[in-house]
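Reader: I've got a model open and want a quick walk through it. Can you take my questions as they come?

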Protein chains: 2
Amino acid sequence: MAKSRPELLRGNAIIGQSGGPTAVINQSLVGVVEGLRGHKAVGKIFGSLHGVRGMVSDQSIELQKVPQARLNRIANTPSSALGSSRDKPDPAYCQRIMAHCAKYDIRYFFYIGGNDSSDTCRIVDELAKQAGHAMRCFHVPKTIDNDLMSNDHTPGYASAAKFVAQAFIGDDLDNRALPGIKINVIMGRHAGFLTAASLLARRRKNDGPHLIYVPEVAFNLEKFLADVERIYTDLGRCVIAVSEGIHHSDGTPMLEKLSAAMDKGGLDKDAHGNVQLSGTGALGDYLAEAIKKSMARHQKKVRIRADTLGYLQRSFAGCTSPVDAKEARASGKAAAKAALAGSLGGSMTIQRVGNSPYKVAYKLVPLTDVAAKTRHMDPKFLVGDNDIAESFRKYLAPLVGDLPEVDSFV
Amino acid sequence: MAKSRPELLRGNAIIGQSGGPTAVINQSLVGVVEGLRGHKAVGKIFGSLHGVRGMVSDQSIELQKVPQARLNRIANTPSSALGSSRDKPDPAYCQRIMAHCAKYDIRYFFYIGGNDSSDTCRIVDELAKQAGHAMRCFHVPKTIDNDLMSNDHTPGYASAAKFVAQAFIGDDLDNRALPGIKINVIMGRHAGFLTAASLLARRRKNDGPHLIYVPEVAFNLEKFLADVERIYTDLGRCVIAVSEGIHHSDGTPMLEKLSAAMDKGGLDKDAHGNVQLSGTGALGDYLAEAIKKSMARHQKKVRIRADTLGYLQRSFAGCTSPVDAKEARASGKAAAKAALAGSLGGSMTIQRVGNSPYKVAYKLVPLTDVAAKTRHMDPKFLVGDNDIAESFRKYLAPLVGDLPEVDSFV
């Protein structure tokens, strides 16, 4: 039985980008523009600058006028070309968003972002309904954390995963050349997907990372120190992947715990009371110091270093997964096409429909399925408290694509 | 008038890699092998594992047996395929090196490395002369620091420079999207060449880095804080490139100075009494903290983040300059060819003989010209205490090659 179709709204569209940038978020932006452009129902396609902030401050550009050559260049540029925002709309802020939509006759709202952004999208959707302003709201996923519900994976993740894998491939060779203990801290407050991507660097015998710590499993410092020493004794070296979000069994982030234990304090907290995890080398330094002390107790003089991969993971120019770029563009286009097919709104998720050959489908789900929720790694991918299962490679490899072939005599 | 040629020695050769790895040091290794292989004067071509340590511990492999396909794979692999070492040979150590050379009838010694390695090469050369062991010693330059005397530039530098440029291109876009103050700390204890490479990311109006600090100029914290605040007031954001080797006017590294001032202490020192600069996020964190305090005094709440690019700069798999790779291979081959042409030894430097088109020549210079000396940036490239001259772009761009084209609406 055919469903009755709601009337196709006529008016303008607006697109915003929100949260942390990724290497392919501009592909999604351009995908939405390409999907909308030229359709008779859509007049102007606004680009709101710095997320919804552009709507409350009346700062936007007209994307339908941008030549295709520039759109292609934008699509291939990392980071958010419209600018981003971490604003959390309160009721007064929301009123101004709605006033903007009314003023500019906006009937289609596209928000490209992670779980916070999908929640903003949901709030705007509800607000429009309350205000009686006919508008369809679409969320286009983006996050290097890969932590959105109802998705097989999210645009932005695979490119960051590729960066992490290439970093570990090189750094493990560096550690083979000059053996010692090396810690690399990887982004991810609650989900370990990006840290787990370091597994892709492990291809030959004794390749690192030899230990992988994700936020899904409680971190025990004594166990960690014993594991590092065991690997070091075995191989004469040890490469460790640590998520910035690792936490104590009581739920406190280890960065906070170690900072207090080492009497250093003074960490920044954000508006939500979260300790700042990125943009500091502190966690890696604390762990390196703890290993140094522990090894010294055993009279071992060992070369111990820590790197924090930092913002390069999401912004490095020139390390994009082709599959990721293609899917990010397709997600944006699919959201636009859904809107123009009369859909009432939703989040445009990616579903895997086959592994050999790898194939995905784009599926619109209700905003409430995704909004403000966090997906964690499936327990089947977690091995004890310090490793990731080989089956995760099968999940991730098709998304990342080819990695550099390497070889060494040591 | 023709010079009388010394007799071409017949025997075996040995190759070692030393110091910090680079993305192209294996190209030089393979270049030496390709240059020597098949010549009637040379029997075996040993690869000494972990620098000269492989000679004192009798650990080497026979490189003449390695198939070309594997050599090519090795050449394209970052880091030192033979392993590396930071050992400083003392007299007893030197005796064991000579014993190894005598035992294995080694007549050609090739050492691929930086200034410390060229000094080791010089010592081995003197030692052989003293011992009456006929052997020719060749140094093949490698260093991401680009700080070898008598060279226009050194293999390894351009690939690391490319990594730094791509990091800043992406990170500056990230900072445009989510404005704030961002510090990126770059490797280089005494020379600022790698930090100065961040200049390549500055291509459009207001592109970062907006401030660049190198070890060649004394660092003044008060001036730094004032400069950062000025840029931030102007642009609403500020991206800063800082060399890990920046130091106070009294010569003390700023990391040591700030560590003491903030009463944190506890930094590692190496055997030479140098404070450990790499493998810690401390300098970036101290500078971020100092900016935070300074801005708070002016009642400004600003997003301040610091990343330390770390070992990725020299080891990242998949970010190599094609010119660098080609020149590294050619340097190794040129050293081998010089040896087989009867040269008595030396360091195989790169000289630029043209800029349009870019062209280089390989020239053997005495080991003592390079050994244990440090080249600094030409003062003509330094602008005040916080910037690099545009003329440096002309010097660097041909070495790095194409960089990603980017575009943004903000």
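Reader: Which residues touch the most other members of the largest nonpolar core?
Author: Phe110(A), Ala161(A), Val164(A), Phe110(B), Ala161(B) and Val164(B), out of 250 residues in that core. A nonpolar core here is a set of buried Ala, Val, Leu, Ile, Met, Phe, Trp, Tyr and Cys residues joined through C-beta atoms within 7 Å. Buried means 20 or more other C-beta atoms within 10 Å of the residue's own, with C-beta atoms placed from the backbone.
Author: This is a predicted model: local features need pLDDT of at least 70, side-chain atom pairs count only at pLDDT 80 or more, and totals for chains, interfaces and linings use all residues. Residues are numbered from 1 along each chain as its sequence is written, and chains are lettered from A in the order in which they are written.

Reader: What is Ala161(B) in contact with, leaving aside neighbours within four places in sequence?
Author: Leu194(B), Ala197(B), Leu396(B), Leu399(B) and Val400(B). Contact means C-beta atoms, placed from the backbone, within 7 Å.

Reader: New topic. How many residues does each chain put into the contact?
Author: Chain B gives 53 residues and chain A gives 52 residues.

Reader: Which element of chain B gives the most?
Author: Helix 6 of chain B, with 9 residues. Helices are DSSP runs (H or I, at least four residues), numbered from the N terminus.

Reader: And what rotation superposes chain B on chain A?
Author: 180°, with 0.0 Å of shift along the axis and RMSD 0.0 Å. The two copies are thus related as by a two-fold rotation axis.

Reader: Which C-alpha of chain B is nearest the axis?
Author: That of Gly281(B), 2.1 Å from the axis.

Methods. A residue is buried if 20 or more other C-beta atoms lie within 10 Å of its own, exposed if 12 or fewer, and partly exposed in between; C-beta atoms are placed from the backbone. Two residues are in contact if their C-beta atoms, placed from the backbone, lie within 7 Å. Copies are superposed by least squares on the C-alpha atoms of residues with pLDDT of at least 70 in both. Helices (H or I, at least four residues) and strands (E, at least two) are DSSP runs, numbered from the N terminus.
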